[in-house]
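Open the viewer and keep the selection panel to hand. This tour goes stop by stop.

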Amino acid sequence: MEIEDSNLEENQNSELVLEPKVGTIFDFEDKAQECYTIYAKAKGFGAITITSKKVNNVKSYVTYGCHRSGNARPTGSNLVKSPPTPKIGCKTHMNISLLVDGKWKLSSIELKHNHDMDQEKVKYLRCYQALPPNVKRTIELNTAVGINMNQIVASCVIEAGGADNLTWTDKDARNFKDIHMK
C-alpha cells in the first residue's frame, strides 16, 4: 500500500491509526477494506460494505461506510411496536475505484458522523465479532470429549487474558457449537 500523506493520529489506546486520505493507492481491495476497518474500530464505529459495482463481471467500485448508514425500514404491521434500529442515515463513507493497472484508489471520503461513537462498546458490534479459528478448534475438540460449554468458554477467557480481550461473546461460541457440532 502506497501512502503519500503520512498524517498519523493516536487513539486512546495509543495505537497508531492512519486516517484515510483521498488519493491513497492500495494494491488490493482487501487492503483498502482493512485500512477503513482498522480506522473505524479505532474511532468507535462499525465498518460495512455499502455497495459495489461490477463492470464486465469485475468489481470496479466499492463504497464502505458506517454501520449506522442508511435509513430504517419499518417491518411488520404495527409500526408503534417496531424494534429499535441503529440505522440513522449516517453519511460517513469511503469510495474506492479500480485503476487501469489493477490497483485501487481512494476516490472520495467523508469522515463526519451524525451520531456519537463509543470506543469501549465497538467490540460488541456484529461487524467486529468473530470467533477465531483457534477458539473454534478448541470448541470442537472439547465438545468431542464431553467437556461442557461453560468450562470451554472459561478456559478461552483465561487463555485470552480476560473477557475484555475477547472479540466474541459466550453466545457466539454457543451458536457455533449448535450449528457445527450437531
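A crossing of two helices is left-handed if the near helix is turned anticlockwise from the far one by less than a right angle, and right-handed if clockwise. Helices (H or I, at least four residues) and strands (E, at least two) are DSSP runs, numbered from the N terminus. This is a predicted model: local features need pLDDT of at least 70, side-chain atom pairs count only at pLDDT 80 or more, and totals for chains, interfaces and linings use all residues. Residues are numbered from 1 along each chain as its sequence is written, and side-chain values use heavy atoms, with hydrogens and water left out.

**Stop 1: two helices**

Select residues 133-144, helix 2, and residues 149-160, helix 3. Which hand does their crossing have? Helix 2 passes helix 3 in a right-handed crossing. Their axes come within 10 Å and cross at roughly 145°. (Axes are lines fitted to C-alpha atoms, for helices over the stretch in contact; angles run from 0 to 180 degrees between N-to-C directions.)

Now show side chains. From helix 2, Asn134, Val135, Thr138, Ile139, Asn142 and Thr143 meet Met149, Ile152, Cys156 and Glu159 of helix 3. Contact means heavy atoms within 4.5 Å.

**Stop 2: the largest core**

Select Phe26, Tyr36, Phe45, Tyr64, Met94 and Ile96. They have the most contacts inside the largest nonpolar core, which has 20 residues. (Such a core is a set of buried Ala, Val, Leu, Ile, Met, Phe, Trp, Tyr and Cys residues joined through side-chain atoms within 4.5 Å; buried means under 20% relative accessible area, exposed over 50%, partly exposed in between, with a 1.4 Å probe and protein chains only.) Helix 1 (29-43), strand 5 (58-66), strand 6 (93-98) and strand 7 (104-110) each give two or more residues. Helix 1 gives the most, six.

Apart from this core lies another, of eleven residues, including Leu131, Ile139, Met149 and Phe176.

**Stop 3: Glu29**

Select Glu29, in helix 1. Why does Glu29 count as buried? Because its relative accessibility is 17%. The side chain of Glu29 makes a polar contact with the side chain of Tyr64 (3.2 Å). (That is a pair of N or O atoms within 3.5 Å; within protein, one must be able to donate a hydrogen and the other to accept it, and residues adjacent in sequence count only if both atoms are side-chain atoms.)

**Stop 4: Thr63**

Move to Thr63, in strand 5. Thr63 counts as buried, at 9% relative accessibility. Its side chain makes a polar contact with the side chain of Asn95 (2.8 Å).
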